[in-house]
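Take a moment with the sequence and the fold below. Then read on, one region at a time.

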Amino acid sequence: MSVPEELYYTAEHEWVAISDATARVGITDYAQRALGDVVYVTAPAQGARVTAGDPCGEVESTKSVSDIYCPADGEVTEVNPEVDENPGLINSDPYGAGWLFKVSVSESDGELPPGLLSAEEYTALAADSQD
């Protein structure tokens, strides 16, 4: 299982890359492996207001449908059109080309949105989920 050190994670298996006031969001390697082959993604629409911890989309695989939970409050500024055309990018490159959407987050003196996990904390959570 791949867990890049430079990213942050949610307990619901989303990853977040924060740069300036933008959070790029996707699902983790652990999540895509648990889902199996991803066949369809519903991401929040560009311009939509999203709330941390709330469902904002879905990932459908050959095994099940899972909610996508937003990791931060803000406005969706971009949705990855490549994932819409090729949902399998989530399986082949979950931390790269398989990103889902970007959220404009208000800057709060450089503090992270609450509730995000470090790579080490997420690795421990995912290990506990496998037991």
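What follows goes from the overall fold to single residues.

This is a predicted model, in which local features need pLDDT of at least 70, side-chain atom pairs count only at pLDDT 80 or more, and totals for chains, interfaces and linings use all residues. Residues are numbered from 1 along each chain as its sequence is written, and side-chain values use heavy atoms, with hydrogens and water left out.

Start with the whole. The protein has four helices and nine strands. Helices (H or I, at least four residues) and strands (E, at least two) are DSSP runs, numbered from the N terminus. From that end, the order is β-β-β-α-β-β-β-β-β-α-α-β-α. The radius of gyration is 14 Å, close to the 14 Å that the globule rule gives for 131 residues, so the protein is as compact as a globular protein of that length. That radius is taken over C-alpha atoms, and the globule rule is 2.2 Å times the number of residues to the power 0.38. Along its principal axes the C-alpha trace spans about 40 × 30 × 25 Å.

Now the surface and the inside. The accessible surface comes to about 6,900 Å², and carbon and sulfur atoms hold 43% of it. Accessible areas come from the Shrake-Rupley method with a 1.4 Å probe; for residues, only the protein chains shown count as cover. Of the 131 residues, 42% count as buried. Buried means under 20% relative accessible area, exposed means over 50%, and partly exposed lies in between (1.4 Å probe, protein chains only). A contact means heavy atoms within 4.5 Å.

Next, the rings. How many aromatic pairs does the structure hold? It holds two. Rings of Phe, Tyr and Trp (its six-membered ring) pair if their centres lie within 6.5 Å; planes under 30 degrees apart count as stacked, over 60 as edge-to-face and the rest as tilted. Tyr 9 and Tyr 122 form a stacked pair, at 4.8 Å centre to centre with 15° between the planes. Tyr 9 lies in strand β1 (residues 8-9) and Tyr 122 in helix α4 (residues 119-130), so the pair ties together parts that are 113 residues apart in sequence. Both Tyr 9 and Tyr 122 are buried. Trp 15 and Tyr 95 make a tilted pair, with 6.0 Å between centres and 55° between planes. This pair also links distant parts of the chain: Trp 15 is in strand β2 (residues 14-19), Tyr 95 is in the loop between α3 (89-92) and β9 (101-104), and the two are 80 residues apart. Trp 15 is buried, and so is Tyr 95.

Stay with Tyr 122. Its relative accessibility is 0%. Setting aside residues up to four places away in sequence, Tyr 122 touches Val 3, Tyr 9, Thr 10, His 13, Thr 28, Tyr 30 and Leu 117. Val 3 is 119 residues from Tyr 122 in sequence, yet their C-alpha atoms are 7.9 Å apart.

His 13, one of those contacts of Tyr 122, lies in the loop between β1 and β2. His 13 is buried, with a relative accessible area of 15%. Its phi is near 80°, a positive value in a residue other than glycine. Most residues other than glycine have a negative phi. Asp 20 also has a positive phi, of about 55°, although it is not a glycine. Asp 20 lies in the loop between β2 and β3 (22-27). Is Asp 20 buried or exposed? Asp 20 is exposed, at 72% relative accessible area.

Turn to the cysteines. A search of the whole structure finds zero disulfides. A disulfide is a pair of cysteine sulfur atoms within 2.5 Å. For Cys 56, the nearest cysteine sulfur is that of Cys 70, 4.7 Å away. Cys 56 is buried at 16% relative accessible area, and Cys 70 is buried at 3%.

Finish at Tyr 69, in strand β7 (residues 65-69). Tyr 69 is partly exposed, with a relative accessible area of 24%. Beyond residues up to four places away in sequence, its contacts are Glu 12, Glu 14, Gly 53, Asp 54, Pro 55 and Cys 56.
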